[in-house]
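Dear colleague,

Please find the structure below, followed by a summary of what was found in it.

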Amino acid sequence: MDRLVTKLETNLGAVLRGQLDDNFKKIQDGVDGQSDSLNKQIADLLGDVAPQDQNEVTQARIDSNGKSYKTLKGREDATQATAETALDEERLVSAEVQDARTDTNSKTYASIKERLDNQQNDLINNIDSKISQISSVPETFSTIVDLQNLYPNGKTGLFVVAETGHKYIWTNNSWVDAGIYQAVGIADGTIKYNNLDEQARTLESTFFDIRKSALSRMFYNYLPFIFEIGAINSSTGSNVDNSSSMVRSGFVYGDGQNWNFYDQNPDKYNYRLLSYKLDGTFNKLEFDWKSSDGATYLSDTSLKYRLTMTTKDQTEASLVEANQSVYAASDKDKAPYNPMDLWGSFDYMINVGGGEEPTIIVEPNKDITITLPDNYLYYYDNIQTGFTLQSKVEFQNKTFTLKTSQVLYWDLESNIISVSEVSQSRPKHNVLLANNIWGQITNGYFSQYVKDWGLFGYMINVAGNKQPTFENTGVNALTIKITMPASDLFYYDNTQTGFVLQSPANYEGSVFTLENNQLLVWNLDDNTIKVQKIGERRPNHNVLLANNIYGKITNGHFAQYFQMQNHDGYTNAKGHSLTATSQYKQLTHFSLGNIQSICFIGDDILTCQGAPGDHSTTSHIILYDENFNKIKDIIHDIGHFNTVDYNETYDTLITANASDDAENPKIYLIKNFSTINDGDTIHYNSDNVIEIDLFNSTNVAFNSNIGICFGETDYIAYVSFVNVNTVKNLGQMGTVGFAKVMLGSGDNDLSGEIEGWGTFIDDQSGYNGTAKILKRFYGENIGANQDMTYFDGHLWGTFGRYDTQFHKVGLHSGGKFTLEESWTLPNYDEKTGMFNQQESEGSAIWKGMYYLTVYKGAINAIPINRKQGGNGIVGTKVAFDFPGSQIPHVSITPTSSITDLYIDSIDKNGFFVNSTTSQLGTFNWESNI
């Protein structure tokens with residue numbers, strides 16, 4: 001439509017009318033044009049629909065949900081698609097319904113409801129049937145394995161396993177854990193560590209006392225003997241429930257190792273051990289009532305054991321007290337070091353450069369002055385981070401003064417050494433070097449450099465490095481008799497005036513009796529030694545020699561000797577328990593008589609039978625060849641012949657007078673032994689016997705009789721000596737020391753020298769009757785010497801009473817001996833299992849690889865370095881002494897002119913050697929075991 005004129009002329013009538021006419025025409029033309037356009041759009045939308053039907057079509061485009069479609073065709077297409085989808089779904093549902101009417105057994109029901117009703121009835125009937133088969137009392141089993149073994153294919157019911165406390169049911173062809181079985185209470189001993197809550201675990205750790213633990217005795221664990229009130233019949237092994245004064249343990253299975261028993265309450269309880277077969281049948285009473293530390297027992301893997309305890313005064317037993325009184329530990333849990341060394345302020349990880357020591361002085365006012373070494377201190381944190389620290393140079397030779405209740409410590413964080421009060425808080429990372437408790441250093445790394453401190457710093461020596469000896473007597477062995485050394489004590493006041501004091505000679509060998517809670521004190525003011533009560537006031541200048549705390553000496557200068565003489569020396573040695581006959585070999589099969597000692601003379605072996613020490617009757621010395629054919633039988637009245645050895649250079653036998661009878665020590669030398677014929681008699685006082693007395697009218701070299709063997713040269717011998725007070729004490733003649741002795745020969749008269757003994761004999765061809773003590777070695781009590789020999793720088797000996805042990809003994813330059821290895825033969829009857837209480841006798845090294853000893857009446861060979869060997873002849877089979885399950889490696893060395901030898905064949909039992917030139921020859925051989 002054309003644009004209208006908007007600016008009309010008002011003063012021109014004709015013109016105005018013409019403009020208005022033009023505007024009206026434009027308006028009419030525009031309206032007509034819009035109407036035609038609208039009608040065309042409507043016609044296009046309706047298509048071919050007749051004019052009378054066009055309103056009904058418009059309504060049909062709208063469906064019943066009010067949704068409008070652009071065309072009627074669009075609505076019809078949508079309706080058709082919906083209908084086809086519905087038909088497809090109906091077909092699927094129909095097929096699913098048909099399938100649901102058929103069960104797993106292919107049975108078809110008229111309707112799904114009929115099938116469900118039928119299955120519900122079957123399920124109810126099955127449940128009723130199962131419930132009727134279940135017992136109200138469940139079956140119980142020790143372990144789930146026991147349950148599975150008995151019912152591998154399952155069983156209806158409820159089953160409880162004691163190992164877990166859970167109930168189990170059979171479902172889906174397997175045994176299923178159905179959770180904890182409901183119980184009324186908790187059985188004793190059924191709570192495990194993992195069942196404890198966090199508070200209980202924390203308290204257990206917080207209140208743990210390491211001093212009562214197995215760690216304090218060098219074991220990782222104690223054996224699990226847990227006690228209940230009640231007794232055990234020692235004849236039948238059955239429980240007796242009418243005794244409130246006794247407790248009994250459950251079973252602990254044998255592990256084939258030595259068990260060590262400790263009684264921490266010996267005044268209250270006795271204990272004994274009983275054994276049972278694995279099926280629970282009683283075996284026997286292994287040992288009867290004991291009440292002290294140190295009992296040992298070799299357990300058997302085919303047995304299990306119970307302990308029982310009783311109160312000594314028959315009062316009512318306490319379970320808490322009993323479970324903390326007697327402990328047992330197995331050697332299988334033996335720690336390779338003392339775990340208690342890790343306890344404290346890490347002082348075990350400190351070294352002083354150059355091995356220097358601090359200088360420590362105790363002043364009269366009880367102050368302690370410590371001057372640090374002229375070298376560095378080194379700290380090694382070898383159990384945590386590997387942290388190391390070296391002290392500052394400014395602390396070398398620095399002096400600190402500690403007053404009572406003060407400590408000297410090393411602050412590892414700031415690397416400063418300083419003094420503080422005992423009550424003062426110290427840094428987290430520190431090392432205690434020393435403390436001062438009333439003039440005594442009782443703790444800290446520097447305490448090792450303090451010996452025998454009393455009110456004043458001092459040092460005590462015993463002349464000749466001799467020792468006191470001890471005997472427990474009286475009720476429960478609580479009384480201690482102390483026999484003073486057979487020489488004087490020397491006191492050196494090396495921290496103040498240089499004062500020196502020597503004890504009076506009248507105390508040499510004297511005996512003091514200490515009751516419980518008494519002390520042995522050396523009064524330096526009047527030079528007397530006497531017994532006092534613990535609470536009794538002592539002189540200002542005094543030295544504590546010993547105390548008695550329930551039959552043990554725990555303090556004083558003599559405490560070190562008491563510990564050495566009353567401790568089981570086997571605990572320090574590497575042990576070998578020979579439980580199988582394949583680990584030792586019996587060499588003789590005939591009666592040897594009352595053998596006391598053995599030794600080699602070349603390849604021949606000498607056996608010595610004992611005679612009385614008073615020479616009142618005779619016995620035999622018999623020499624056998626290497627095949628144990630008798631060479632000669634000699635009569636003698638020398639004595640017990642507890643030890644024997646032979647020196648080839650001087651053709652001389654050596655023995656001593658060790659026996660159960662307490663005698664002064666003496667040595668016997670039998671000259672020209674090879675010239676003594678079969679049937680001859682050797683008298684102790686004949687010309688070819690030299691007696692060396694190690695005593696005189698005023699002095700004695702050792703407090704007891706002795707054993708002896710030759711040493712590393714023709715002129716050296718080694719002597720064993722015992723604690724004389726234990727000679728008759730329970731039949732234990734405990735060896736507490738060894739001495740290195742020089743034997744005089746030719747014109748070398750040793751009798752006039754310090755520690756020299758004997759009477760000189762002018763005999764240029766051999767030993768001259770004199771001897772000199774060169775050095776003494778002390779250690780732990782290792783039992784009676786039943787013979788010893790020297791080999792490879794060590795003493796080897798059969799030591800003990802009523803047992804079958806032998807040991808390799810190391811002698812150290814500091815005057816101490818230690819057990820380096822120990823072997824134990826089974827000391828029971830193989831047929832009855834009863835303890836034999838037999839001793840091993842004799843000691844000799846054969847072929848450099850076997851230890852020979854007399855065991856159960858026969859000479860037996862025990863390999864000492866896991867090797868075997870001997871000699872052989874070409875073409876003749878060599879049998880292994882100790883055949884094993886595998887073929888060993890064998891090496892051969894020709895011993896004749898025929899050297900082209902080779903091993904022709906070998907198996908687990910032996911081998912053949914041949915020559916490439918088919919000649920006969922001999923050889924030595926060696927192999928591993």
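**Surface and loops**

W438 counts as exposed, at 55% relative accessibility (exposed means over 50% relative accessible area, buried under 20% and partly exposed in between, with a 1.4 Å probe and protein chains only). This is a predicted model, in which local features need pLDDT of at least 70 and side-chain atom pairs count only at pLDDT 80 or more, while totals for chains, interfaces and linings use all residues. Residues are numbered from 1 along each chain as its sequence is written, and side-chain values use heavy atoms, with hydrogens and water left out.

The loop between β24 (430-436) and β25 (459-462) holds W438; strands are DSSP runs of E with at least two residues, numbered from the N terminus.

Most residues other than glycine have a negative phi. D651, although not a glycine, has a positive phi of about 50°. D651 is buried, with a relative accessible area of 12%, and lies in the loop between β40 (645-647) and β41 (652-656). E755 also has a positive phi, near 60°, and is placed in the loop between β47 (735-746) and β48 (756-758).

**An open sheet**

Five strands form an open sheet in the order β36-β37-β38-β39-β43, with mixed pairing (two strands pair if DSSP finds at least two bridges between them). At the edges stand β36 (595-601) and β43 (681-682), each with a single partner strand, so one side of each has no neighbour in the sheet. Strands β38 (residues 619-624) and β39 (residues 630-636) run antiparallel and are joined by six bridges. H620 stands opposite I635 in β39.

Yours sincerely

Conventions: Helices (H or I, at least four residues) and strands (E, at least two) are DSSP runs, numbered from the N terminus.
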